[in-house]
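I opened my notebook to look up bonds between side chains. Here is what I wrote down, entry by entry.

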Amino acid sequence: ETLHAWEICRSTNGCSWQTSDWAACNNTCGTGTATRSVHCSSGWDADCLAERPDDKQPCEDTGGCGWVFSKWSTCNTTCGDGEQTRTYSCPTGNPADCPSISPTAVAQPC
């Protein structure tokens, strides 16, 4: 009769970090943070001996930038035709990050 002896063993030699793709930047107009999931292939982070990869990184996106306008000024005349104006800025501080602007968006007759 043959006897079999079983011993439970556990190895972490083949464990490695698994990462997902980076998610989209969390800010569509300026600096933000992109995230991804990071986990050890064994399911236990302690089993991965290599340095854990970052799960966050800074990112920059300007695709959602739009101009921010002030309120219209008071009319520049109290009798007859005049003009109202307003100021505008891009939230990032860089006008190149916002779409082009038409002159009617900053001045109007009153």
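Entry 1: I looked up Cys 40 and found it joined to Cys 48 by a disulfide, with 2.1 Å from S to S. The model is predicted, so I note each value as computed.

Entry 2: How many disulfides does the whole structure hold? My search gave 5. I reminded myself that a disulfide is a covalent bond between two cysteine sulfur atoms. I then numbered the bonded cysteines along the chain and wrote down the pattern: 1-5, 2-6, 3-4, 7-10, 8-9.

**Entry 3: Cys 29 and Cys 65.** These two form a disulfide, with their sulfur atoms 2.1 Å apart. Cys 29 sits in the loop between strand 1 (17–19) and strand 2 (30–35), and Cys 65 in the loop between strand 4 (56–61) and strand 5 (68–69), so the bond ties together parts 36 residues apart in sequence. The link is right-handed, with 100 degrees about the S-S bond. I noted Cys 29 as buried, because its relative accessible area is 16%. Cys 65 is buried too, at 9%.

**Entry 4: Cys 75 and Cys 110.** I found a disulfide here as well, with 1.9 Å from S to S. Cys 75 lies in the loop between strand 5 and strand 6 (83–85), and Cys 110 in the segment after strand 8 (107–109), so this pair ties together parts 35 residues apart in sequence. The torsion about the S-S bond is about 80 degrees, so I wrote "right-handed". Cys 75 is partly exposed, at 28%. Cys 110 is also partly exposed, at 31%.

**Entry 5: cysteines without a bond.** Cys 79 is in no disulfide either; the nearest cysteine sulfur, in Cys 75, is 10 Å away. I noted Cys 79 as exposed, at 68% relative accessibility.

**Entry 6: salt bridges.** I turned to charged side chains and found 2 salt bridges. Arg 52 meets Asp 45 at 3.8 Å, N to O. Arg 52 also pairs with Asp 55, where the closest N and O atoms are 3.7 Å apart. Arg 52 is partly exposed, at 34%. So are Asp 45, at 37%, and Asp 55, at 29%.

Note on methods: Residues are numbered from 1 along each chain as its sequence is written. This is a predicted model: local features need pLDDT of at least 70, side-chain atom pairs count only at pLDDT 80 or more; totals for chains, interfaces and linings use all residues. Side-chain values use heavy atoms; hydrogens and water are left out. A salt bridge is a side-chain nitrogen of Lys or Arg within 4 Å of a carboxyl oxygen of Asp or Glu. Buried means under 20% relative accessible area, exposed over 50%, partly exposed in between (1.4 Å probe, protein chains only). A disulfide is a pair of cysteine sulfur atoms within 2.5 Å. Helices (H or I, at least four residues) and strands (E, at least two) are DSSP runs, numbered from the N terminus.
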